[in-house]
Structure formats: structure tokens, C-alpha cells
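Start with the model itself.

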Amino acid sequence: MSARDVEVRRSRRRRRTVSAYRDGGRTVVLIPASFSAAEEARWVERMLARLARGESRRPVGDEALQARAARLSERYLGGHARPQSVRWVSTMEKRWASCTPSDGTIRVSDRLQDVPTHVLDYVLLHELAHLLVAGHGPAFWRLVASYPRLERARGFLDGLAHATGMPPSAEPEGAPGQPDEG
């Protein structure tokens, strides 16, 4: 980004706070009027880095989501789960994700776009496993059990469900911690 793409606005009302935002192709940095040229340069650099970090954490698109699912299938399911499409959807209100094994589609609620990576990976792996095993029986959970952060991700989703007013998920038959009937 060149210097002409950055606009610095000084304010006499600002005492200590610095903020920045993108405005089209331009970055606006708001600083106190009392800052020296060296402080201005230091803060502009710092705020540009902060904005870049935030933008790099933005949700992945459908293509990247599909590529992530392919990597998870390869790593945890021997590459056997091969979805035809994996995409974000905004219409899911009572589920985190779903799949249709007959056509190989996986849909993930866009409410999960900002969750930690290990949570999104668990949700994708869960749906990938459904492409191989219907239901939540012991065979399904044996496939999913190879994911090292399984319990942590499920706990996160339970907390998120509680915080957003979704019904709690029941422990399906054969889930970790449940007796194995099969």
C-alpha cells in the first residue's frame, strides 16, 4: 500500500486513541493532533498491520471451504469422503451444518464463519463422515474419533448454541462418552 493510499486525520479532540478503517481502496487513520511525525509514522504502520491481521482472519469462501474439506477427508478419513460441493449457507437456523449423501453436498451455516479453526474443522469432518456413514451410531463416531480436538470443538458448539438460544445437542447413540452398543 502506498503512502497516497493512506489518509491521516488529526483531531484536537483525540487525546490518546488511534483508530483506522478502510474506505474503498484507501485506509483512514485517525490520530491525536499532538502526535509527532515519528509517532504518526509508527501508528500508521501499526494500524495497517492490525487491519491486515483482521482481514486475514475473515471467513473463507466456498472454494476454500471445499479445499479445507478435501484436506480433512484425506487426513482423517483416508480421502474416502469426496463431497461434490461444500458451501456456506445463510438459511440454517437450527443446525450448524448438513449434508446430503445422495448428491454429495455439504452445507455449513454462515454463523460459523468466525469460529476458531478447530471448530470449523470438526463441523466439516462431522459432515464428511456422514457421506460415509448415515446416522450417529458407533461406526460414525469411530470415524470422527480420530479428530484430536473433538471434545473441545463440541464443547465450543454447545456453548455457542446456549449463547445464541439454540436447543442443546443431545448426545447421539455411540457418541464419545456413551456406551458402545455395536
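Valine 86 has isoleucine 106 of strand 6 as its bridge partner. Strand 4 and strand 6 (residues 105-109) run parallel and are joined by five bridges. Strands are DSSP runs of E with at least two residues, helices are runs of H or I with at least four, and both are numbered from the N terminus. Two strands count as paired if DSSP finds at least two bridges between them.

This is a predicted model: local features need pLDDT of at least 70, side-chain atom pairs count only at pLDDT 80 or more, and totals for chains, interfaces and linings use all residues. Numbering starts from 1 along each chain as its sequence is written, and side-chain values use heavy atoms, with hydrogens and water left out.

The sheet is open, with three strands in the order 4-6-5 and mixed pairing. Strand 4 (85-89) and strand 5 are at the edges with a single partner strand each, so one side of each has no neighbour in the sheet. Twist averages 20 degrees from one strand to the next.

## Helices on the sheet

Helix 2 (residues 62-77) lies across strand 4 and strand 6, at about 130 degrees to strand 4. Helix 3 also packs on the sheet. Helix 3 touches strand 4, strand 5 and strand 6, and its direction makes about 25 degrees with that of strand 5. Angles run from 0 to 180 degrees between N-to-C directions, with axes fitted to C-alpha atoms, for helices over the stretch in contact. Contact means heavy atoms within 4.5 Å.

## Helix 3 against helix 5

The axes of helix 3 (residues 117-132) and helix 5 (residues 150-164) come within 9 Å and cross at roughly 100 degrees. That makes the two helices roughly perpendicular (65 to 115 degrees). Helix 3 contributes His118, Val119, Tyr122 and Val123 to the contact. Helix 5 contributes Leu150, Arg152, Ala153, Arg154, Phe156 and Leu157.

## The 1-3-2 sheet

A second open sheet has three strands in the order 1-3-2, again with mixed pairing. Its edges are strand 1 (6-11) and strand 2 (19-23), each pairing on one side only. Strand 2 and strand 3 (residues 26-32) pair in the antiparallel sense over five bridges. Arginine 22 stands opposite threonine 27 in strand 3.

Key. Angles under 35 degrees count as roughly parallel, over 145 as roughly antiparallel, 65 to 115 as roughly perpendicular and the rest as oblique.
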